[in-house]
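Notebook open, and today I'm looking up charged pairs. Here is the structure I'm working from.

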Amino acid sequence: MKNPLLKSAAVLLAAGGLMWASDSEACTGISLTSKDGSHVLARTCEWGGSDLESRYVIVPRNASMTSMTPSGQNGLEYVTGYGYVGVSVTQDSFVTEGLNEAGLSAGLFFFPGYGEYEEYDSALNSSTIVDVELVGWILGKFSSIDELKASIGDIHIVATSPQAGTAHWRIAEPSGRQVVMEIIGGEVRFYENRLGVLTNSPGFEWQMTNLNNYVNLFPGTAQPLKLTDDVTLSQFGAGAGFLGIPGDVTPPSRFVRAAFYKATAPQYATALETVMETFQILNNFDIPIGVEHKAGDAPSVLPSATQWTTSADQAGLKFYYRTCWNSTIRCIDLNSIDFGKVSRQAHPLDEVRMQPVEMIKVRK
């Protein structure tokens with residue numbers, strides 16, 4: 001397609017907010033803190049309908065940007081004050097998750113049926129930005145949540161087309177403060193996210209309330225229960241304290257699992273160990289490609305609906321990722337980038353889309 005907005009409307013909303021009638025989109029976000037005080041933000045990105053063609057992007061300081069609107073690339077113009085690294089979907093400017101040189105993290109999560117943006121008005125193009133470009137604006141302009149909150153009222157956030165769905169956002173500082181931003185009835189709302197978990201619909205407040213339905217869960221083993229003098233119940237195996245935790249891939253169920261897995265994870269000494277733990281936890285949220293489709297309808301071009309997973313060390317300024325084509329964890333060190341001189345660029349997440357297999361040489 002020649003029009004990038006039409007292309008995005010065809011495949012995008014694993015990341016941003018389109019085609020929300022489909023059940024093929026999901027994102028799960030968690031955060032952990034190491035013993036040395038480092039905060040790590042991690043998330044998955046799912047889209048089971050087609051290849052998102054994701055790339056990692058590097059954007060320098062003082063880059064001139066022009067946002068898209070539903071009528072073209074004629075929206076908000078701004079200059080980045082911070083360089084950043086991120087992962088895009090479909091188009092390089094559609095950054096879905098990223099980290100800037102000040103340690104601010106921002107990510108976009110699918111939010112179908114619950115958010116409601118203001119209507120697009122072409123007379124306001126000079127201050128308008130489409131939802132799928134908002135992460136780039138946040139990372140390029142701000143170093144704190146309060147700075148963002150002070151400026152968000154100056155812009156108009158709209159969908160890429162009248163048929164598009166909506167998104168909500170996770171923004172986090174290196175201090176550990178984390179918020180969820182949702183747009184309801186055209187009004188921007190911020191929620192302090194002290195739990196450090198986010199998925200998709202319904203809204204964040206509902207998801208937090210729903211956790212109370214699982215107050216009976218606890219880590220570890222369940223004690224034997226004597227029903228009669230002759231009958232005593234006992235667990236079949238380890239971990240019976242979590243018996244009843246929801247195992248499906250719907251957003252409320254993933255939110256509950258993520259909350260309990262995060263809460264019971266051991267605390268590691270360093271940021272790197274904590275990053276590795278986030279990948280281990282998020283293994284549980286990889287969605288097999290056939291789960292979300294009718295029998296025989298699953299696309300064979302994708303090895304998983306979870307197309308990529310990222311983890312960001314906010315204090316160490318390191319951005320990690322892996323993909324469904326290559327589970328090797330790769331790292332982009334922002335400290336090694338001179339954001340005052342580096343060129344704006346984008347590269348495939350995988351140079352070769354094939355799982356590496358290490359052949360073991362058996363000793364004689």
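This is a predicted model: local features need pLDDT of at least 70, side-chain atom pairs count only at pLDDT 80 or more; totals for chains, interfaces and linings use all residues.

Which side chain meets Asp 350 in a salt bridge? I found Arg 330, at 2.7 Å from N to O.

Residues are numbered from 1 along each chain as its sequence is written, and side-chain values use heavy atoms, with hydrogens and water left out.

Back to the first pair. Asp 350 sits in the segment after β21 (345-348) and Arg 330 in strand β20 (residues 330-333), so the bridge ties together parts 20 residues apart in sequence. Strands here are DSSP runs of E, at least two residues, and helices are runs of H or I, at least four, numbered from the N terminus. Both Asp 350 and Arg 330 are buried (under 20% relative accessible area; exposed is over 50%, partly exposed in between, with a 1.4 Å probe and protein chains only).

Next I checked Glu 97, which bridges to Arg 170 with the closest N and O atoms 3.5 Å apart. Glu 97 is in strand β8 (residues 91-100) and Arg 170 in strand β12 (residues 167-172), so this pair joins parts 73 residues apart in sequence. Glu 97 counts as buried at 2% relative accessibility, and Arg 170 does too, at 1%.

Last, I looked at Arg 177 and Asp 146, whose side chains meet at 2.9 Å, N to O.

Definitions and conventions:
A salt bridge is a side-chain nitrogen of Lys or Arg within 4 Å of a carboxyl oxygen of Asp or Glu.
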